[in-house]
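Please keep the sequence and the structure at hand while reading.

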Amino acid sequence: MYCRGSGATCRPQDLKVSFGVSGHQSIAAYARELQPVDGRPVRVVAILDGAIRANYAGSLKGFNQLSPEMAGLFADKVARQICSDAEISAVQFDLEPFDVRTRNGQYYFYRRIAEDFSGASGGAGHNAFGCRDPTHPAGRYFSVFGSPHSLSARGAAGRNLQEILTAQHNGFFIGALYDLSDEPAGHPVPPDRYRRKALALARAAARGAARWGIPYQLAIPASASAHEYAMCKGRSCGLGADTGSSQSDYLEAAVDAIKASNSATNPLYLGAAVWAWSRAIVADGMQFSPAEPTAHDQEYLEDNL
């Protein structure tokens, strides 16, 4: 967003969407490399990131202050770009921090995304952006990434989330079971404390999903996050380079938390979102590792998810 002032002063041309595929000539080229699993196709899900409270040029500062009309226009721009590519089946929105305690810009943005992706928006004839096509006859779907606290919220926050994700029955929530610390990046959570926190959040997510009837996933740290990692490189690393922990400590604790929350038998649970296969994991001038799951942890995932 390149608005002059708050989101209340935004003009249509201030709202921009940037999307591309790293290392491939096209999304189709990437999709061709994905082999079916048990005869079922693997779907391509785009990820759109944004920082709502950041102050850099092009950040989403003021996103919450967008009017319903401007938030809807922004969503239309996303739908137009995403749905123009038949290879993209969904979008994961990682616009942080997620917060719909009020019917703010985020709320109206996601409500319009649900309509656009389902093909319900556009007046007579609907399907204004082509989100329904032969490959996606029911339209595209989407997820919202955030803290499990959002899923377990009561009152207006929970109702607003429910409306966003169930109005068109094409959305779900991804609750993060990593970065479970209020400390700055580079200050690791000890594995025993992480285990307790992950269990509490997984149980809260399961209860919240049942309360509101919201489909959900839980995201697990198979690779390093800024607070759950094995190694850290940089001047600000809280315990130096080596934490004395392995990534397996965090991964196995997260999977145990999911099992203990009874999510695996919950019909609303859509499985684990696995973080991450990455070239590098960098935050605040530090680099964290491992950047992708080790061979041992990939075998563990195969056996336990």
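A residue is called buried when its relative accessible area is under 20% and exposed when this is over 50%. The model discussed here is predicted.

**Strand β3 and its pairing**

- On one side of the pairing, strand β2 (residues 88-96) and β3 are joined in the parallel sense over four bridges, and within this pairing Y141 of β3 is the bridge partner of A90.
- Strand β4 (residues 171-176) also runs parallel to β3, and the two are joined by five bridges; here F142 stands opposite G171 of β4.
- As a general point for reading such strands, the side chains of a regular strand alternate between the two faces of the sheet.

**The surroundings of Q247**

- Q247 has its place in helix α7, which covers residues 247-260, and with a relative accessible area of 3% this residue is buried.
- The side chain of Q247 has a polar atom 2.9 Å from the backbone oxygen of S223, and a polar atom of the Q247 side chain also lies 3.3 Å from the backbone oxygen of E228.
- When neighbours within four places in sequence are left aside, the residues in contact with Q247 include P221, A222, A224, Y229 and A230, and also among them are S289, P290 and D297.

- In helix α8 (residues 295-304), the residues D297, Y300 and L301 are buried. They cover an arc of only 100° around the axis, and therefore lie on the same side of α8.
- An α-helix has 3.6 residues a turn, so residues three or four places apart point the same way.
- The exposed residues A295, E299, E302 and D303 are carried by the face of α8 that is turned away from its buried side.
- The cover over the buried residues of α8 includes β5 (216-221), α7 and β7 (269-275), and one of these buried residues, D297, is also in contact with Q247.

**Disulfides**

- The count comes to three disulfides, and with bonded cysteines counted along the chain they follow the pattern 1-2, 3-4, 5-6.
- C3 and C10 form a disulfide with their sulfur atoms 1.8 Å apart; the torsion about this S-S bond is about 85°, so the disulfide of C3 and C10 is right-handed. C3 is buried at a relative accessible area of 16%, and C10 is buried at 8%.
- In the disulfide of C83 and C131 the sulfur atoms are 2.1 Å apart, and the torsion about the S-S bond is about 95°, so this disulfide is right-handed. Because C83 lies in the loop between α2 (68-82) and β2, and C131 in the loop between α3 (105-118) and β3, the pair ties together parts that are 48 residues apart in sequence. C83 is buried with a relative accessible area of 6%, and C131 counts as buried at 0% relative accessibility.
- The sulfur atoms of C232 and C237, which form a disulfide, are 1.9 Å apart. For C232 and C237 the torsion about the S-S bond is about -75°, so the disulfide is left-handed, and both cysteines are buried.

How values were computed
Residues are numbered from 1 along each chain as its sequence is written. This is a predicted model: local features need pLDDT of at least 70, side-chain atom pairs count only at pLDDT 80 or more; totals for chains, interfaces and linings use all residues. Side-chain values use heavy atoms; hydrogens and water are left out. Two strands pair if DSSP finds at least two bridges between them. Buried means under 20% relative accessible area, exposed over 50%, partly exposed in between (1.4 Å probe, protein chains only). A polar contact is a pair of N or O atoms within 3.5 Å; within protein, one must be able to donate a hydrogen and the other to accept it, and residues adjacent in sequence count only if both atoms are side-chain atoms. Contact means heavy atoms within 4.5 Å. The arc is that of the directions from the helix axis to the C-beta atoms. A disulfide is a pair of cysteine sulfur atoms within 2.5 Å.
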